[in-house]
Amino acid sequence: MGVRVKICGLTRLEDALLAEALGAHALGFVLAPGSKRRISPETARTISEALGPFVVRVGVFRDQGPEEVLKLMEAARLQVAQLHGAEPPEWAERVGRFFPVVKAFSLEGPARPEWAAYPAQALLLDGKAPGSGEGYPRAWARPLLETGARVILAGGLTPENLGEVLPLKPYALDLASGVEEAPGVKSPARLRALFARLEAWNRGV
Ligand SMILES: O=C(O)c1ccccc1N[C@@H]1O[C@H](COP(=O)(O)O)[C@@H](O)[C@H]1O
């Protein structure tokens, strides 16, 4: 199986349906305050309910307490919680009683192997400013990848630079700005280019 892909920061039904049709494994909805891609739980729910059963709906949160996260997850009919701030492990444990958790770390230097002990089903490595399209030297991911944890690579990924990360064999890739026309508005051409590139990689081209 090829690498899994999450398309994040969706705000429009047509973009979500296209990403699903092209083969996205997961679709992300940002419910974090202050994001240019923030979506209301009502709109996220409408989109979630229109999708097929086999694509994972992810809620993205930043420094919101576990009860707020659980309330929004339920209201938006989402399935996996991505914690993208400085959430203590106890918050993830509380959310994790109800939903699988992805914990994001913003890199300012190499990833730390001890992050593998955080109570989450997968760990995501992002650039310094989430959702900004800013990347980092991809070798910084190696110390965490080498622990055998499920590692999702994000931060400044585009259809053009996938060659930097695919050889690292991460659990998944996560893209927001690299497949957009504007914040929250996906580019059909860039989405198509992304999945075409992944298909070519899987065929060994
Ligand atoms: O996209 C946002 O606005 C956002 C806000 C708050 C937390 C996370 C956010 N997005 C996450 O950022 C990365 C990748 O972003 P990019 O591809 O570099 O633009 C991804 O994990 C999103 O879930």
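How many bridges join strand S1 (residues 4-7) to S8, and in what sense do the two strands run? Four bridges join them, and the strands run parallel. This is a predicted model: local features need pLDDT of at least 70, side-chain atom pairs count only at pLDDT 80 or more, and totals for chains, interfaces and linings use all residues. Residues are numbered from 1 along each chain as its sequence is written.

**View 1. The protein chain as a whole.** Six helices and ten strands make up the secondary structure of the protein chain. Helices (H or I, at least four residues) and strands (E, at least two) are DSSP runs, numbered from the N terminus. The radius of gyration is 16 Å, close to the 17 Å that the globule rule gives for 205 residues, so the protein chain is as compact as a globular protein of that length. That radius is taken over C-alpha atoms, and the globule rule is 2.2 Å times the number of residues to the power 0.38. The C-alpha trace spans about 45 × 40 × 30 Å along its principal axes.

**View 2. The barrel.** Eight strands close into a barrel, in the order S1-S2-S3-S4-S5-S6-S7-S8, with parallel pairing. From one strand to the next, the twist averages 25 degrees. Axes are lines fitted to C-alpha atoms, for helices over the stretch in contact, and angles run from 0 to 180 degrees between N-to-C directions. Two strands pair if DSSP finds at least two bridges between them.

**View 3. Strand S8 and its neighbours.** Val5 has Leu173 as its bridge partner in S8, and Ile7 has Leu175. Strand S7 (residues 151-153) runs parallel to S8 and is joined to S8 by two bridges. Here Leu153 stands opposite Leu173.

**View 4. Strands S1 and S2.** Two bridges pair S1 with S2 in the parallel sense. Lys6 has Ala26 as its bridge partner in S2.

**View 5. Helices H2 and H3.** The axes of helix H2 (residues 41-50) and helix H3 (residues 66-76) come within 7 Å and cross at roughly 45 degrees. H2 and H3 are therefore oblique to each other. Angles under 35 degrees count as roughly parallel, over 145 as roughly antiparallel, 65 to 115 as roughly perpendicular and the rest as oblique. Pro41, Ala44, Arg45 and Ser48 of H2 meet Leu72, Ala75 and Ala76 of H3. Residues are in contact if their C-beta atoms, placed from the backbone, lie within 7 Å. This contact has five nonpolar, one polar and one charged residues. Ala, Val, Leu, Ile, Met, Phe, Trp, Tyr, Cys and Pro count as nonpolar, Asp, Glu, Lys and Arg as charged, and the others, Gly among them, as polar.

**View 6. The ligand shell.** The ligand is surrounded by 27 residues, the closest being Ser35, Pro130, Gly131, Ala176 and Ser177. A residue is near a molecule if its C-beta atom, placed from the backbone, lies within 6 Å of it. Ten residues of the shell are nonpolar, twelve polar and five charged.

Technical notes
Two residues are in contact if their C-beta atoms, placed from the backbone, lie within 7 Å.
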